[in-house]
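Work through the exercises below with the model open. Try each task before reading its solution.

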Amino acid sequence: MNGVGGSTAERELSELSRWPNPAPPIGRDEREARLAKAQGLMAAIGADAMIVGAGASLRYFAGVAWNATERLVAMVLPRSGEPVMICPRFEEGSLVASLGIVASLRLWEEHESPYDLTAQVLRELGVESLAVDPALAFFMFDGLRIAAPGVQMTNAAEVVDGCRMIKSPAELALMSQAKAMTLEVHRRAARILREGITTGEVRRFIDQAHRALGADDGSSFCAVQFGEASAYPHGLPGEQQLQPGDIVLIDTGCRVQGYNSDITRTYVFGQPTQEMIRVWEVEKRAQAAAFAAVRPGVACEEIDAVARRVLAAEGFGPDYELPGLPHRTGHGIGLSIHEAPYLVKGDRTPLRPGMCFSNEPMIVVPGAFGVRLEDHFHVTDDGAAWFTEPQPSLEKPFG
């Protein structure tokens, strides 16, 4: 069946092993360069320091791969000089083991206020204007605002996004590995399909396959949609069982050293209808047109517009109307699965080499099915380059 069906989960998993020649992790020199770039961007917006809380941006700048909790763990980066890490004392050993940069530590006990401690650090540094990580929880921002009433607080998005949106060769290598791993998982997931298999069975296989290849934590997410459920961009609650003639839409990804993949494939279990073939081919053309329009200096929103013009010429839309494309054409990707900038109307950010995006101008036919082809590209000096080759055809989804 052209790569769809004919195998079992057990057989496919038995053939998988950890990814050969994995991409190297981000080194200290690169992190130090990121801090220096951030300091330059802080100067441009008039900020004396920046605070970044636990999450993707703290991993980006400091190498600390911690998720945000109710306890403040953060980096204060002054406009010049080394950063200061704010951390609970009982986490000191774990923090030291995780740090990928040189930084001083300021520690707080469980009964103490981390915001008072941070305000003291800001006074010692002579900070009058603080750029705040836009991902910092509001209760943490509010605690800082109350503890440091004399400090002007501004949005650090220009600094954080200004650094993170341009990927280095090392980042591109990690993302390339993650995406190649997920495409291999897609190939094998298609092979295990059979009449009656449930979406839950396929999701479990995809998670196990990502783990077998060495992804950070198995699947970072996984959406498996059969039949009419594919007409909902993020699916429907509950399980579906696969039937002959169903559209199969699988959207999944993983992380390698924190860097994300996110790939969607759409094909048919059995024989497609003529309408399925028509819609799939229009989707293919829209994705290809968006890719071909990429050039440094072109506004992000223009890539979205190009894809919509292809759809409109075939009677879809206009804009977000259905049948048609109900969401943006693409999103930035890196340490976050969705990050700035975005391929959507209103985002006028000029494309620059090193930016990375999804390309997924989905077509939804309400009450029937949806088709989404999603691959990712990075902007080059004269155009774009795919991380993974797009799906070649509906009948042969993996060539």
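This is a predicted model: local features need pLDDT of at least 70, side-chain atom pairs count only at pLDDT 80 or more; totals for chains, interfaces and linings use all residues.

Residues are numbered from 1 along each chain as its sequence is written, and side-chain values use heavy atoms, with hydrogens and water left out.

**Exercise 1. Describe how α10 and α11 pack.**

Step 1. Locate the elements: α10 spans residues 274-292 and α11 spans residues 300-313. Helices are DSSP runs of H or I with at least four residues; strands are runs of E with at least two, and both are numbered from the N terminus.

Step 2. Take the geometry. The angle is about 150° and the axes are 8 Å apart. Axes are lines fitted to C-alpha atoms, for helices over the stretch in contact; angles run from 0 to 180 degrees between N-to-C directions.

Step 3. Classify. α10 is therefore roughly antiparallel to α11 (over 145 degrees).

Step 4. List the contact (heavy atoms within 4.5 Å). α10 supplies Val282, Arg285, Ala286, Ala289 and Ala290. α11 supplies Ile303, Val306, Ala307, Val310 and Leu311.

Step 5. Sort by class. The contact has 9 nonpolar, no polar and 1 charged residues. Here Ala, Val, Leu, Ile, Met, Phe, Trp, Tyr, Cys and Pro count as nonpolar, Asp, Glu, Lys and Arg as charged, and the others, Gly among them, as polar.

**Exercise 2. Trace the order of the 6 strands in the open sheet.**

Step 1. The order is β4-β3-β2-β1-β5-β6, with mixed pairing. Two strands pair if DSSP finds at least two bridges between them.

Step 2. Find the edges: β4 (104-108) and β6 (152-155) each pair on one side only.

Step 3. Check one pair. β1 (49-53) and β5 (129-132) are parallel over 3 bridges. Ile51 has Val132 as its bridge partner in β5.

**Exercise 3. Find cis peptide bonds and positive phi values.**

Step 1. Read omega. Leu322 and Pro323 are joined by a cis bond at about 0°. Another cis bond joins Ala340 and Pro341, at about -5°.

Step 2. Locate the prolines. Pro323 sits in the loop between α11 and β11; Pro341 is in strand β12.

Step 3. Read phi. Asn21 is near 50°, and Asp319 is at about 55°.

Step 4. Check accessibility. Asn21 is exposed at 74%, and Asp319 is exposed at 52% (buried is under 20% relative accessible area, exposed over 50%, partly exposed in between, with a 1.4 Å probe and protein chains only).

Technical notes: Angles under 35 degrees count as roughly parallel, over 145 as roughly antiparallel, 65 to 115 as roughly perpendicular and the rest as oblique.
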